[in-house]
Amino acid sequence: MPWVFQYFDKAVRGTEREDMLVILQFLQEMIGQTFSFLNYYKEIPVSYDATLLSIENEMAEFAVHEYQAKVINMEKKTLIYSHPKSPFPEDLIGEAFYVSAAKKRVVLCNFGYAIIRSDMRRFVRVLLDDSVEAELVFEGDILKGNVKDLSLGGAAISAMSADLLVPGLDINIFLKLPDYNSNSRLEVGMRATIVKVVGSSAPFTCFIEFHAEKHSQQQIAYYINQRQVEIIKELKDINI
């Protein structure tokens, strides 16, 4: 899915094997300490503290929050923010070897260095499950698409044609956002700029930057808040 934000970069200091051994040596000295984990569920950050319980056979066991365990089970990995006592500045990434949301435990292996990029985001972003139609209005033409993810600052929109999608072009855009309370659709219009287009064949993904007035921003913010609540409820209800 090209619209999913890649929220970290992997980093290598020596070889991957050397890096893992250095990280394990550091973790061995940190048993009982608290670390901060980061995963994403439908573009919503899930970040809770985790306590390092033990190191054995090049694996680390952590006590974690139930929600964190659920998302780690889906992503098969987790990011760990750089610890204040860490001798290296990079964040860490670990692969999931064992996950139990019921026991609130995860065992991680194959550690490496990472640089978390998601803090570069200016706006909260949500992934949309339901079809949200967008109309991109050009001079004398209208292109319809579906919103894939949405923030106050812009959106990723799937479209079947890229002929009109020129990066840097200013357009009018109308979003038909669902209102979960009234079971109706709210049309929100604003000016926008096409930032980039991804894909060599249909459907194409078009990234749009909004230039919304205050009222439109409030309508988008209200929908994003509703969607966040829905996503968190989904996460709570997941059984693994």
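Mentor: Gladly. Keep in mind that this is a predicted model.

Trainee: Which residues of H3 are called buried?

Mentor: Ser216, Gln219, Ile220, Tyr223, Ile224, Gln226, Arg227, Ile231 and Leu235. The label means under 20% relative accessible area.

Trainee: What about the length of helix H1?

Mentor: H1 runs over residues 16–28 and has 13 residues. From first C-alpha to last it reaches 18 Å, close to the expected 18 Å. Its buried residues are Asp19, Met20, Ile23, Leu24, Phe26 and Leu27.

Trainee: Why do we say the buried residues of H1 line one face?

Mentor: Look down the axis of H1. Its buried residues fall within an arc of 160°, so they line one face of the helix. An α-helix has 3.6 residues a turn, so residues three or four places apart point the same way.

Trainee: What do the buried residues of H1 pack against?

Mentor: Several strands, including E1 (8–11), E2 (34–41) and E8 (105–116).

Trainee: What makes E13 and E14 a pair?

Mentor: Pairing needs at least two bridges. Ten bridges join E13 to E14, and the strands run antiparallel. In E14, Thr193 is the bridge partner of Asp170.

Trainee: And how do E10 and E13 pair?

Mentor: In the antiparallel sense, over four bridges. There, Glu135 has Phe174 of E13 as its bridge partner.

Definitions and conventions:
Residues numbered from 1 in each chain as written. Predicted model: local features only at pLDDT ≥ 70, side-chain atom pairs only at ≥ 80, totals over all residues. Heavy atoms only, no water. Buried < 20%, exposed > 50% of the residue type's maximum accessible area, 1.4 Å probe, protein only. Helix = DSSP H or I, 4+ residues; strand = E, 2+ residues; numbered from the N terminus. Expected span 1.5 Å × (residues − 1). Arc of directions from axis to C-beta. Contact = heavy atoms within 4.5 Å.
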